[in-house]
Structures are given as structure tokens and as C-alpha cells.
Amino acid sequence: MAEEKEKSIEKIVEAPPEIGRFGQFLKEHGIASEKLPDAAGGIEVISLDAKNLQSALKILRSSEETKLDLLITVSGVDSRQSGGTFDSVYHLWSYDNLNELVIKVKIKADEVEEDSLPAVPSITNMWPAANWHERETYDLVGIKYLGHPYPRRILNPWDWDGHPLRHDYVQIVDALNDKNPHSFR
Amino acid sequence: MSTEIKSTELKTDEMIINMGPQHPATHGVLRMLLTLDGEFVKHAEPVIGHLHRAQEWQGQNRTWFQYQALIDRVDYLSGMFTSWAMARSCEVLDECEVPERAEYLRVMVSEMNRISSHLLWLGTYLIDLGAMFGFPFYPFREREKLLDLFEEIAGQRMMFNYIRIGGVQRAPNDAWLKRLKAFTEEFEDRVDEYEAIVTENPIFLKRTKEIGILPLSLAKQYGVTGPSIRASGTDMDLRKTKPYSVYPKLEFDVHWLDKPEGGDTWDRYILRIREMRESNKIIKQCLDMLPTEGELSGKKQNAGLRVKAGEAFSSVESPRGILGCYVISDGKDKAIRFRWRNPSFCNLSVLSELLVGSPIADIMAIFGSVDVILPDVDR
């Protein structure tokens, strides 16, 4: 038991406080970020607080050094099983150079009140490209984007119940096997 | 109370009109909610989702092997690229080596697919503009030959399931290669033929010049990629800027127009024509460089296919732009999450800006020139 404890302490000491290139860049501009394990191919992944998202993206996009001006996607991931969070993931590229960065905003699932959705600030005001991506993420994963100009479902019908890409989603009406003659679906 | 009329101008109300979803020129089911002031568009909102088939949901509820057969239905005109994007994501995650022969075959069939996709676009675009008779059969004649070749090598004319995680499905025989060579030799003349009919055609010029101008800054804000943005003044093509597979070994040019103030619909047309010629060059080189012997796949193709835990995002340059696949795996039989970055989805979102101020007659000319395919938008 004591040995195990020692080992675990050693591990903590051994691991250096890693910080990636973009994490360092953000730190220089006074924005704290957390480094996550790299994506396959050595792409840097950082995690940001929801409140820092807009300011961080503004700097990363406009600075000559990073110039991450191509928003590839905004995706939502239901990682409640592995980490207990809902993730809003931003893949950023650049039109002019080879920079690549993945930003994750993690919202703890147990901090989300019952009957409400995890909320992340919208970036549509600075990036029109995010408009449809955020609507889709809201529609399929159920992440609310605060400040979105038109926060409605985009792929499913507007009266759809639930968010299909959550791992606990159960389809309420079975369109193929529904035998109820009064059902409109 | 005075009832005199103060102005002689006739007051007209704005009108809201639905265009689609069953409009023949939308090639699928796109509904556009137009606010019209007489003939002119004041506001346009594309309404999508009519073709939503829950492809991302299928990704996390099907095994890897099942899903790779399903996924080239997303963009049925360029299925090779969708398979390729998925295969690349899984390979980079799995640290799986792809044999060189398979890489050459991938490039070859993908470039064939790029040509066949552009050919269909060319034919239908001219139909949209009103050239109903005659012309569409020219590009379809060549497309038919390509589809026959696809049928022989992949077993299907459109949903190929040819590019697999780790490699490709099967090797072509000599007769097939010979037929493809014959195709590449005559194709250049065929493109000259299309150009002789269309490029300087006065009616075509009148319908396409100076409309649907997409400025570079606007395109960048909306994340537009592919030929549509290369017509507006950037040379971004993943095959050159972030080279993958065997593209660095091949000689080809990326065509783009230095027009930061914006390319019009004619510019987007001419760019696709030039792209077809380049693809033809690439196929010719692949035919010469293709190793005659060797492995076809670095991974066993059976129902027990697994991908190591982790996350990866990979992308390929599809005929419509950057096609990306974001995959999260925990090493089990199904993925945790599949997320697609579809070029049509992003390119379509800029349409509401492009249409404002143009007459109804130009809507289809502009929409067609962006080359959006609706199943790719709705997934």
C-alpha cells in the first residue's frame, strides 16, 4: 500500500507541467488553458473555460503568429461515460499557414440543472460559419449556444423530442413500427 | 381626414415565396425561403434537413465494418472521397500503414471520381441555365465510361465501398487499366469540345458573368472551401497545402484565380473545367507509376475490424472542398462519435448572402455554381 502511494507520488513529480505552442501563446495573452492529450498525428488539443472562449478565439484568429481563421467544424460530443462532461469541440485551421488546433469546452454534466441543457457561448457573432454548426450541435447533441441569433433545430423537424446523438437517447416514436392509426408520423 | 395620395409611386408589398423543396434545379430537396421585392431577392434563407438520414447516429450505432459500407452514400456523387476521409481518420488513429500500391489506386479512383462528379455538375448546371437539349449528353457520355470502369473495379456504379480502412478492396486487371488509359487519352479532346460549346457562348456568358460574386473575406468568414474559394483568390487545395497519400510524388497544378474582390459564377465554372484537366493528368501519371504487385490492404477486412482508442481528424480535398471526418474511438466495436465536416454544408450557408439583390432568374445560376449536393448537406 505504502509502495503504491510512493509510486503515484513519483508519477506526479515526473510529469512536467506540459504546455503546447498554442497554450503558451494564450498564456502570454493572459488566458489560462489546459493541455489535453494530443489528437492522432500530433495535433494540439487544449481545453478552455467557457468564459474564455470568445476572447481566446479572437486572439487566435487575428494574430499574425497563429492566424487560425478557418473554422472547420463545431462539434458536440456526449462524453458523459468517459469524463462526465459534454464537450463542445472547435477545429481551427488557417487559410494561409499549416497551423491546426483543437479547442474543447467541457461542461460538467452534474452541474447542468435538470430539464436544462449545457450552455456554451456562441461564436456566431464573430464567425458566421459557426451559425449552422452550432444549430446542428444543439439539434443533435443538445448543447445550448448562448447568444446564438437563431437557436432552432436545423436537421430534425422543429417539433422533434430529444437529442439523438446523446448516448442515452431513446426514440419516442418508432416511425417504422408505429401501429397507432392516429399517429401522424 | 385627408385622403389625398401623396406620392404617385405604386406601393408594393414584399412577398414571401418558397422555392423548393421539390424544385427540379435544387438536385435534391432544398427549400429556400425567399423574401422578394418585385423580382429581386431581399432576404433568402435555405431550409435544410429534408434528406437527413442520421448518418452520424449510424456511426455510433454500427460497427466499423458496417459503417464504412454505409458512408459513401453521404455524397453519392463522390463516394470515394467520403470513404477516403473515414479511412484516413481511422488509419492515423490506428497507426496503420497503407501499402503504396493501395495509395496509388486510391488517388487514381478518386481523381476519376472528381472528374465524374464535375461532369455531372457541368451537365446539370447547363440544364439549370436552360440548355435543356443536346449539351448535357456530352459530359454524360464521358461520365458513363467512368461509371462503367467503377462498376468493374468496385462492383457498384455509385456507392463504391472501394476504399477501405487500411487499403483498397481489389486490384484492377490489365484490360481495365487499358480502358482507363484510352479514356485519359481522349478526355482532353472531350473537354475542348465542352469548352467550344460553353465557355465563350454568348448566352452562357450573359447568364453567368458578374453575378453571384463571392468576395474572399466573406468566403473566409463562412468557411467556404474547394473550387468556390479558389475562384475568389486563394490557392488552398489540401493536395498541395497539406499533402497526403502519394500526391507529393505527382506533378499537377492547383488552379486558382487572383480575384480577392470576388469570383463570379463563370469563374467557378472555368475553375472546375481546369480541375478536370489536372485530374486527367494525375490519372495518367498514376497509370505509369502504379506498382504491378504488392499488398492491397494493411488491415484485415472482416467484421472484427477495430480501431485503437483515441481521437483523430483527417480530411481530403473532395470535388466540393474540404471533407473532414472527426472520429473518437474507445477501441471497442463501435465508435463513440463520428462527426463529418461536409463541404456542401459549409458552402451552402454562404448562399443567403450571395443571393441578396439578385433577380429570381439568377438564383439557380448562383446556387448551381456553388456545387452543393443536398445529401452531403443533410447527411
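Author: **A helix pair in chain B**

Start with the whole chain. A compact globule of 379 residues would have a radius of gyration near 21 Å, and chain B has 22 Å, which agrees. That radius is taken over C-alpha atoms, and the globule rule is 2.2 Å times the number of residues to the power 0.38. The C-alpha atoms of chain B fill a box of roughly 90 × 50 × 35 Å, taken along the principal axes.

This is a predicted model, in which local features need pLDDT of at least 70, side-chain atom pairs count only at pLDDT 80 or more, and totals for chains, interfaces and linings use all residues. Residues are numbered from 1 along each chain as its sequence is written, while chains are lettered from A and ligands numbered from 1 in the order in which they are written.

Chain B has 15 helices and eight strands. These are DSSP runs, numbered from the N terminus: helices are H or I with at least four residues, strands are E with at least two.

Now the close look. Take helix H4 (residues 100–128) of chain B and helix H11 (residues 265–289) of chain B. Their axes come within 9 Å and cross at roughly 155°. Axes are lines fitted to C-alpha atoms, for helices over the stretch in contact, and angles run from 0 to 180 degrees between N-to-C directions. H4(B) and H11(B) are therefore roughly antiparallel to each other. The cut-offs: under 35 degrees is roughly parallel, over 145 roughly antiparallel, 65 to 115 roughly perpendicular, and the rest oblique.

The crossing of H4(B) and H11(B) is left-handed. That is, the near helix is turned anticlockwise from the far one by less than a right angle; clockwise would be right-handed.

Which residues make the contact? From H4(B) they include B:Tyr104, B:Val107, B:Met108 and B:Trp121. From H11(B) they include B:Arg272, B:Glu275, B:Ile282 and B:Met289. Two residues are in contact if their C-beta atoms, placed from the backbone, lie within 7 Å. The residues of this contact divide into 11 nonpolar, three polar and four charged. Here Ala, Val, Leu, Ile, Met, Phe, Trp, Tyr, Cys and Pro count as nonpolar, Asp, Glu, Lys and Arg as charged, and the others, Gly among them, as polar.
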